[in-house]
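Thanks for sending this one over. Could you keep the model open while you read my notes?

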Amino acid sequence: MARIVVAGTGYVGLSTGVSFATIGYNVTCVDIDYEKINLLQKGICPIFEPGLQEALVENISLKRIKFTTNYQLAYSQADIIFIAVGTPELPDGTANLSYLKVVAKDIAMNAKRNLTVVIKSTVPVGTNEIVMEIMNENALQHLNIDVISNPEFLREGSALYDLFNGDRIIIGSESQAATELVQELYKPFNLPIYVTDVRSAEMIKYASNAFLATKISFINEIAMVCENLDANVEHVAKGIGLDHRIGSKFLNAGIGYGGSCFPKDTTALVKEAELVGVDLKLLKSVITINNRQKLKLFEVAKSTLGDLTNKEISLLGVSFKPNTNDIRHAPSITLINQFLKENTKITVYDPCALPELRKLFGNSISYSTNIEHAILDKDAALILTEWEEILQFDLQLYEEFMKVPLIIDGRNCFELDKIKNTNIHYYSIGRKAVNPLLKLIGKF
């Protein structure tokens, strides 16, 4: 059985390592973060991802997975190494490959046997070739090291499900032996495998995320038209989504996309295209629309409440999507900063992401561990994330607890007919306002 090492224990690396262990492989996960490795060795998952904690504990108990900071030993004993380190956005929008290059050099310098290196990190086209050069420059000359591309398509909040129920596995390779090895490794997952050249595999990842981001910005543009023409964007999205050429996924109007993938990858693709003289006008518009959309709820609050100085507002949900504590590029960050500029008093609620948010905002805002406290005596409640706790919260309690029962819903959580039976002033995205405080045609 191949000795598998996963370099990096972030969201992708940890999910990948645990999934291979669940299949029955023996996996070693490597990270230089001593604190994180210490937690993982104790069976404590450092990220919130449904099912991951339980799977982690089970595989540790079965001795299928272990965690270490001793990368020298791990790399020297590996047959196949998955690189799953971060490639964060640089100030100019390009991908930061410094972590990946360090890991690649460490692998090369410590390899003692023939090896297949699999890049799962999201990387610009041509990165695999750079890694191959690093291997050739630093590894023992008699070793045969193959580098292949195997991009991930996991959704935060459903990563383990996606690993076992994905649409496809992409392998970009120039080596038949390495291709067959990775195909065999993935065989127990019973998913379709598409093999292509390395550069095309790298591009598939960027193009996939760019297309999904485009669908989100498209429906948010349509929502603006619906608001001004008294149409319902949900009905429109459902109607066009029934066309199999279009599909219904990622056609939910809201306050835009966030997280670690779409914002970073769309910008990186634009920058990479510019380097070869291609101007991606469509994708630039997608990014512009999304940045504008993040401020939409602020504009509604300003229009309904007027001067926001010392107004008390609750933000319900701050992670960029449900079932994750990830706040990277979350609309909540943009909104909080904007409200603070207006000297608005902010109280936030989220089931999982408050510790992450506190690292950014400290005591400049207030935090609540339940919705009732978050909305108590507030002038408005803004829904930013469609957590199940928020969807199931009794609407009557908004009327009972709030100073003004004003809900500005950035995720269209509630049916309009249900709201009509309340005294709540309700604004959503791409739908007609219910019990409006002001007539805001063209402004929300």
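This is a predicted model: local features need pLDDT of at least 70, side-chain atom pairs count only at pLDDT 80 or more; totals for chains, interfaces and linings use all residues.

1. I would begin with the open sheet. Its 6 strands follow the order β11-β10-β9-β12-β13-β14, with parallel pairing. The edges belong to β11 (366–368) and β14 (425–427); each has a single partner strand, so one side of each lacks a neighbour in the sheet. On average, neighbouring strands are turned by 20 degrees against each other, direction ignored.

2. Have a look at β9 next, where 4 of the 5 residues are buried, leaving the strand mostly covered. It runs parallel to β10 and is joined to it by 5 bridges. Within this pairing, Ser314 sits opposite Thr347 in β10. To get from β9 to β10 the chain passes through helix α14 (residues 331–341), and this β-α-β crossover is right-handed.

3. β9 also pairs with β12, again in the parallel sense, over 4 bridges. Ile313 has Ala380 of β12 as its bridge partner.

4. Leu406 is found opposite His425 in β14. Helix α13 (residues 296–305) packs on the sheet, where it touches β9 (312–316), β12 (380–383), β13 and β14, and its direction makes about 155 degrees with that of β13.

5. Which helix lies across β10 and β11? That is helix α15 (residues 354–361), which runs at about 175 degrees to β11.

6. Now to the charged pairs: the structure holds 21 salt bridges. Asp79 makes one with Arg3, with 3.0 Å between the closest N and O atoms. Asp79 is in the loop between α4 (71–77) and β4 (80–83), while Arg3 is in the segment before β1 (4–7), so this pair ties together parts that are 76 residues apart in sequence. Arg3 is partly exposed, its relative accessible area being 39%.

7. Asp79 has a salt bridge with Arg113 as well, the closest N and O atoms being 4.0 Å apart. Since Arg113 lies in the loop between α5 (98–110) and β5, and Asp79 in the loop between α4 and β4, the parts tied together here are 34 residues apart in sequence. Arg113 counts as partly exposed, at 29% relative accessibility.

8. Asp379 forms a salt bridge with Lys403, and their closest N and O atoms are 3.7 Å apart. This pair links distant parts of the chain, 24 residues apart: Asp379 is in the loop between α16 (371–375) and β12, and Lys403 is in the loop between α18 (395–401) and β13. Is Asp379 buried or exposed? Its relative accessibility is 8%, so Asp379 counts as buried.

9. Last, a loop residue. Thr122 is placed in the loop between β5 (115–119) and α6 (127–138). Why does Thr122 count as buried? Its relative accessibility is 8%, and buried means under 20%. Neighbours within four places in sequence aside, Thr122 is in contact with Thr87, Glu152, Lys205, Tyr206, Lys264 and Asp265.

Methods:
Residues are numbered from 1 along each chain as its sequence is written. Side-chain values use heavy atoms; hydrogens and water are left out. Helices (H or I, at least four residues) and strands (E, at least two) are DSSP runs, numbered from the N terminus. Buried means under 20% relative accessible area, exposed over 50%, partly exposed in between (1.4 Å probe, protein chains only). Contact means heavy atoms within 4.5 Å. Two strands pair if DSSP finds at least two bridges between them. Axes are lines fitted to C-alpha atoms, for helices over the stretch in contact, and angles run from 0 to 180 degrees between N-to-C directions. A crossover is right-handed if, with the strands pointing away from the viewer, the path from the first strand over the helix to the second runs clockwise. A salt bridge is a side-chain nitrogen of Lys or Arg within 4 Å of a carboxyl oxygen of Asp or Glu.
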